[in-house]
Amino acid sequence: MDGHLERQMIDYYRARAPEYDEWFERRGRYDQGAELNRAWFDEAAAVRAALHAIGHAADALELAGGTGIWTAELARLADRVTVVDASTEMIAINRARVASDRVSYVAADLFAWEPARTYDLVFFGFWLSHVPPERLDEFLARVARATQPGGRLFLVDSRPEPTSTTADQPLPGRGATTMTRRLNDGRTYTIVKVFYEPATLEAVLGRHGFDARAWATERYFVYASATRR
């Protein structure tokens, strides 16, 4: 991946940290009205239930933990959670939200990060779509090295649904792998954005030693649950 694009993605998420939750909570520019907001929250609840169906984990790893929306869920499932994110601004918000001494944080660029040990649950939300296609196998090989045999992997990401974003952030066209993102103050950044279908997720995870099942909700999310062989 172009080093400038990688740097721009890190800069974007550092700058976006104070407003990130507006997207997931359907506030401000992301408010799509009562009906679509309800669909979003209902589908997010279904994904959350699928995550909790995994059951207890002793030691969980979250990659690209962001503001802690999913870290809070993992802290209910696991005895210990390690969160890795490149943005210290995101980590600060996450730490304040979760406020648990069972959660530890690592500031690291996920394109350079290497796991120091294995975990029995690895999770990442809305991150895989930001991994450039030419680095996908490299990243998933790291994920496999971080997951102990018999351990679980869970991921959730976006479907290409225009109402998941805002009118001034059009989705990339078919075959495109980047898009322009805009902050509330008008600053723009170019980021990687690749959408996956369930069958593709099952196949790519299978290549890296996972037995995976993947699903799509009606409009907004794709998610997968997998076991490390």
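Seven strands form an open sheet with mixed pairing, in the order S3-S2-S1-S4-S5-S9-S8. Strands here are DSSP runs of E with at least two residues, helices are runs of H or I with at least four, and both are numbered from the N terminus; two strands pair if DSSP finds at least two bridges between them. Strand S3 (103-107) and strand S8 (210-216) are the edges, each pairing on one side only. On average, neighbouring strands are turned by 15° against each other, direction ignored.

This is a predicted model, where local features need pLDDT of at least 70, side-chain atom pairs count only at pLDDT 80 or more, and totals for chains, interfaces and linings use all residues. Residues are numbered from 1 along each chain as its sequence is written, and side-chain values use heavy atoms, with hydrogens and water left out.

Strand S2 (residues 78-85) runs parallel to S3, joined to it by five bridges. Val81 stands opposite Val103 in S3.

Angles run from 0 to 180 degrees between N-to-C directions, with axes fitted to C-alpha atoms, for helices over the stretch in contact.

| Helix | Strands | Angle |
|---|---|---|
| H5 (residues 88-98) | lies across S2 and S3 | about 175° to S3 |
| H7 (residues 198-207) | touches S5 (147-158), S8 and S9 (221-228) | about 165° with S8 |

Now to the largest pocket. Its lining includes Pro160, Leu171, Arg174, Lys193 and Phe195. A pocket is an open set of points on a 1 Å grid over the protein atoms alone where a 1.4 Å probe fits, with protein on both sides within 12 Å along at least five of seven lines; lining residues have an atom within 4 Å of a point.

Methods:
Contact = heavy atoms within 4.5 Å.
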